[in-house]
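Please study the sequence and the structure shown below, and then work through the exercises in order. Each task is followed by a solution in steps.

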Amino acid sequence: MVCEMETDQIEEMDVEVLSSMWPEDVGTEADKQFNVEKPAGDLDTLKEVTIETRTIADMTRLPNLLNSTHQGSSQLTNLVKQWEYMQDNAVRLLKEELKNLDRQREEAEAKELKIIEEYKFESNEPENVPVLDETSDLFRRFRQKKRDALVDSKKIEIYEEFDTVAYWKQKALSLEKMLEASTERERRLMEKLSESLKTMESQSAPVQELTQNLKRAEGFLHFILQNAPIVMGHQDKDLRYLFIYNKYPSLREQDILGKTDVEIFHGGGVKESEDFKREVLEKGKASKREITFTTDLFGSKTFLIYVEPVYNKAGEKIGINYMGMEVTDQVVKREKMAKLREDNAVRKAMESELNKTIHITEETMRAKQMLATMSHEIRSPLSGVVGMAEILSTTKLDKEQRQLLNVMISSGDLVLQLINDILDLSKVESGVMRLEATKFRPREVVKHVLQTAAASLKKSLTLEGNIADDVPIEVVGDVLRIRQILTNLISNAIKFTHEGNVGIKLQVISEPSFVRDNALNADTEEHEQNGLTETSVWICCDVWDTGIGIPENALPCLFKKYMQASADHARKYGGTGLGLAICKQLVELMGGQLTVTSRVSEGSTFTFILPYKVGRSDDYSDDQDEFSDMADQQSEPDDTAEGYFQFKPLLGSIYSNGGPGISNDFLPHKVMLTSPIKLINGFVADPSNNTGQSEMLQLENGGYMDESKLETSSGHCPESAHQYENGNGRCFSKESESCSSSQASSEGGTLEMESELTVSSHREEEKAETEVKETSKPKILLVEDNKINIMVAKSMMKQLGHTMDIANNGVEAITAINSSSYDLVLMDVCMPVLDGLKATRLIRSYEETGNWNAAIEAGVDISTSENEQVCMRPTNRLPIIAMTANTLAESSEECYANGMDSFISKPVTLQKLRECLQQYLH
Amino acid sequence: MNTTVVAQLQRQFQDYIVSLYQQGFLDSQFSELRKLQDEGSPDFVSEVVSLFFDDCSKLINTMSRSLEQPDNVDFKQLDSGVHQLKGSSSSVGARRVKNVCISFKECCDVQNREGCLRCLQQVDYEYKMLKTKLQDLFNLEQQILQAGGTIPQVDIN
C-alpha cells in the first residue's frame, strides 16, 4: 500500500539511482584506482578487495540509453521491485510493533481496571473477608460480568458504607499513586511508539537504500569480473563506442568513446568484427563468432565475440551490446588437436589404403600364379587328349566319327590355344617373359608369316607383303615374339576378311615421339652402352585388311583381355579374345607401340612400331634362307632384299609345299570354332560314302583330304593301326601334290563349309614324317645333366626295353647328333653350357640348312669333317622331347616355340616315358 | 616260427613305408623307383638314393660356401645348385626336400640371402632326416630278405 503510493516518486528517482551505478568519479578519473567501500555488512570478504577501474562510459548518453531501451527499463523495474519488497517488509515490521504496543496498552488498561475493581471489591466486602488468590480470578470474572449493572448502585453503596475521612484519605492517596504510575507507563509507551515511528520514517528514504544496493551489485560485478579476460561494450547504431569495459585498459577514454573499431584499431580481424557487428545490427539477431585479431596494440589474439542488438522501447534498433572473451590459447589448442586428429585420420586412411593395395596386389599375384599353374596343369592332360584324338583320327573311321573327332580336336586345340595365351600373358605380366636378341631378316619373317597363313587359308584372299627398301636386310630383335605378333595379327585379319586383300607393310620410320618424349636420357645411356657397332632403327609394321572393320566404339576395349568387338563377333568368329592383348603386351615389352585404325566394312590396319638394333650387315651367308627350299616362282632363293611378296588364292602349290618344320615352329594349330551341329548338317547333305570320294575331294582341302586318300591306301595296307599310320605317311607326300589342284577348285565355292571344318594338319604332316626305321632298335639320346635323373631315366628305359645314349649338355648333344643318327631325343631344358632350347634350335637349323654353321657360330665345337651323314640326312625332323620342370621360365610354350615336338614334365615316370615312346617311335 | 617273424617284419615294413608317404617324406616317384628294381638290379633304389644323398651333401656344401659372404653371393651359381637338387629330389621322390627346393629357388630368384640360408638349413635337415628314415627302411628290407621273406609290394594311394 505504501509502495503503491510511492511508485511515482520512484519513477522520478531512477535517474539518480542509475547514475550511481557509474559514479561520477569513475567516469572522469578513469585510470584512478580506488577502494570500493564495503557495500553491505554481510560482505566482509570484499572489504580488502581492490578494484581497478576499466570502465569507460559516456556519461551523458548512457542514462538516456538506459532509459530508452528495454534492457534499461527492465533493470529499473527490477530495482523498483526490490525496493518495494523492502518497503513492504518495513511496513510489516512496523505493523507488528504497533500490534505489540497495542497489546501492552491493553494489558496496562486491564491492570488499571483490576486495580480499580480491587479497590471496589475491597470497599464492597467486609474487611475481614480474605481475598484468596485462587478464587480471585473467578471472582473478578463474576465481577466483570456484573460490572455495568452494578456501577450505579456501587457508587451509592460506597457512599453509604464508608464514611470515615481518614479511611478515604488513605484510599485517595494510594489511588493517586497508582494512577500516577499508570500514566507514567502510558507516557513511556507513547514515547516508544513515537520513537519507532521516527526510525521508520528515517528508513523509508529509498534513495540511500537503492544506492547501497547498486553499490553492492557493482561490487559483485567487479569482484567477479576483475580477472576475467573479458571485454564488454556498447556501441550505437553507427558502431561508435558508448561504453566499454576492458580488463587491460590501454587506451584512454577519448581514444575510444565515440569511435568505431576501425577508427581505434588497425590490423587483421578489425574489419571482420565490424562487419559482424553490422550484420548483427541489420539482422537483429544475437550471435557469436570467433575472430582473430592481429593488431599492433595487442598482437595476435582470438576473441569469441557475442553481439546482440539493442532496441529502444519503441522497438527500434539503437545499437549493439558486445562481449568478447579472449580464447587464443583454447583456439591454439583446439587447432592443434584438430590437426593431430586430421593427421591421425590421414595416416589411418593411408594405412588402410596401403593395406588394401597390398592385399589386392597379393591377391592378384596369387590369382595370376594360380592361373598360370592351373593352365600349365590343364595343358599337360589336354595335350594328351588332343594328341590321342589326333592319333585316333589317323585310324579308320567312318565319316560321322571323323566329323565328331574333328570337332573334338579343334575344340581341344582352341582350349590349348587359350591356355597358351593365358600363359603368355601371365608371363609378360609377371615379368618372367624374357626377350631374346637374335639376328633375323624382316623380309623373311614377313614372307614366312604370309606363307604360313596362306598355307592354311580357306578363303579367296590375296596376301601381300610389302617391305620398303630402306628396311635393313638384317636386324636384331626377338624374332619369335615378333613372329608371334605378326602371326596373331595376320590370322586376325584373315579371320575378319571375307574377300579382298590382307597384307603386311614394313617401313623404316624416325624415332616416334612417345619415345623421344619420355625416354631421352634412358635412351642415350643405352646408346652409349651399345657402343659403336649397333644402331637402332625404328620399323613400322602395318598389318592391314579389307575386312569387316571395327566400329569406333569398340576400339578402346580392343586390346583388353578377353574382349572382342562384340558378342556377335565372338560367336561368329570365335577366338579367345586374348590375341590382341598379348600382341599389345609383347609390343610394349619390346619398347614399342601397337595402334589400330579402322573403318567399318572398309578394313582395319594394325600398326606396331618397334625399335631394332641393326647389326653388321655383311654376314648373312651363315644363315641360309630357310625358305629357299620352298621358294617358288615368286622369289629367288637368294634374293634376300626382295621387298614384295604376293600369295594369290589360286596358287595351290604354295599351300602344300610349306615345310613341316617351319609351320610347326610358331603356329602350332590353326584354330576355328566349330559347331558340331552345323558340321553334321553339312555332311548330311553330303553323299558320304566311298562312291562320293571325288566330291569330297572337291569339298575338303589339305588336312581333311587324307581321309579319302587313306581309304584308298587302306586297300593295300594291312589294317593294324601301326602300319596304317605308315601308310598315311607315305601317302601324304603324293597326296599333297595332288591336292593342290583340288584345293584350287574348292577354294571358291565352299567357303562357309570350310571355315567350319578346320583340321590341324601340321601334326599329321609331322607324324607322316616320322617314318619307321628299318633298324629294329630305335636309338634314343638322353640329354640331361643330373646324374640321378640320368640313372632313373636309364633304368626306366631299360624296363621299357630300350637303351639310350647320354649327353650331359647341349653341346654334347649336338656332338652326338652330328656323329650318329637318333630316332628320338629327350632333352632337358635347363642345363649348363648349352641349354635344351638353344640346342634344339641349333639342331633344327642344322636340319634345315644341312650344316652346323649356326652351332659353330654359337660356339659349339663341331668336328667339321664333312662326312656323308650330312648328305645322307633326310629332311626328316628329329623328334625332340623336352623334359621340363613345372616353372614359368621353362614352359612348354617355349619348348614348342624353339622347335621341340612335345614335352614331358618332370619327374619322368614310366607311364609318361612309355606314352612318349609310343607316340614317337614306331 | 620263421614265417611269423617274416610276416611281422613285412608288416612293420609296410607300416613304415606308408608312414613315410603319409608324413610327406616320399611321393609317388619313389614308387616309380621301386618298380624299377628287379632281379637285374636288386639294389637299384638304394643305389640311386645313396647317390642322391651324396649329391645332396656335395651340393649343400657348395651352396653354403657360396652363401658365406654376406654381400657377394653368386646367386646364379646358387640357382644352378638348387636346380640340380630340385631335379634330383623330384626324381627320387624326396618330396619334402623338393618342396624346400621350390621355396629355395624362389628365394634365389629374388636374391634373398636370408631366405636362402634358411632354406639351405631346411634342405640340410630334410635330407638328413630322409637319409636316416630310408636307412631304417633298407635295414628292414635286409632283415626281411635275411629271414627269407620277400619285400612286400606297397600300394600307395
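The exercises below concern a predicted model.

**Exercise 1. The fold of chain B**

Task: Describe the secondary structure of chain B and state what share of its residues is buried.

Solution. 
Step 1. Chain B contains six helices and zero strands.
Step 2. Read from the N terminus, its elements follow the order α-α-α-α-α-α.
Step 3. Of the 157 residues in chain B, 49% are buried.
Step 4. Among the contacts in chain B with a separation of 6 or more, 66% join residues 24 or more positions apart.

**Exercise 2. An annotated site in chain A**

Task: Which residues does UniProt place in the feature "binding site", and how are they arranged in space?

Solution. 
Step 1. The UniProt record gives Asp785(A), Asp828(A) and Cys830(A) for this feature.
Step 2. These residues are spread over 46 residues of sequence, yet they cluster in space, with a largest C-alpha distance of 8.7 Å.
Step 3. Asp785(A) sits in the loop between strand 18 (780-783) and helix 27 (787-799) of chain A. Its relative accessibility is 15%, and Asp785(A) therefore counts as buried.
Step 4. Leaving aside residues up to four places away in sequence, Asp785(A) touches Asn808(A), Asp828(A), Cys830(A), Met831(A), Pro832(A) and Gln84(B).
Step 5. Cys830(A) lies in the loop between strand 20 (824-828) and helix 29 of chain A. At 31% relative accessibility, Cys830(A) counts as partly exposed.

**Exercise 3. Two helix pairs in chain A**

Task: Classify the packing of helix 28 of chain A with helix 29 of chain A, and of helix 13 of chain A with helix 14 of chain A.

Solution. 
Step 1. Two packed helices are described by the angle between their axes and the distance between the axes.
Step 2. Helix 28 (residues 810-819) and helix 29 (residues 836-849) of chain A pack at about 25°, and their axes are 9 Å apart. Angles under 35 degrees count as roughly parallel, so helix 28 and helix 29 of chain A are roughly parallel to each other.
Step 3. The crossing of helix 28 and helix 29 of chain A is right-handed. Residues in this contact include Ile814(A) of helix 28 and Leu842(A) of helix 29 of chain A. By class, the contact comprises six nonpolar, two polar and no charged residues.
Step 4. Helix 13 (residues 442-455) and helix 14 (residues 479-495) of chain A pack at about 40°, with axes 10 Å apart. Helix 13 of chain A is therefore oblique to helix 14 of chain A.
Step 5. Helix 13 and helix 14 of chain A also cross in a right-handed manner. Among the residues that meet are Val449(A) in helix 13 and Leu486(A) in helix 14 of chain A. The contact of these helices has nine nonpolar, two polar and one charged residues.

Definitions and conventions
Residues numbered from 1 in each chain as written. Chains lettered and ligands numbered in written order. Predicted model: local features only at pLDDT ≥ 70, side-chain atom pairs only at ≥ 80, totals over all residues. Heavy atoms only, no water. Axes fitted to C-alpha atoms, helices over the stretch in contact; angles between N-to-C directions. Helix = DSSP H or I, 4+ residues; strand = E, 2+ residues; numbered from the N terminus. Parallel < 35°, antiparallel > 145°, perpendicular 65-115°, else oblique. Left-handed = near helix turned anticlockwise from the far one by under 90°. Contact = heavy atoms within 4.5 Å. Nonpolar A, V, L, I, M, F, W, Y, C, P; charged D, E, K, R; others polar. UniProt positions renumbered as here; feature names shortened; annotations may be inferred. Buried < 20%, exposed > 50% of the residue type's maximum accessible area, 1.4 Å probe, protein only.
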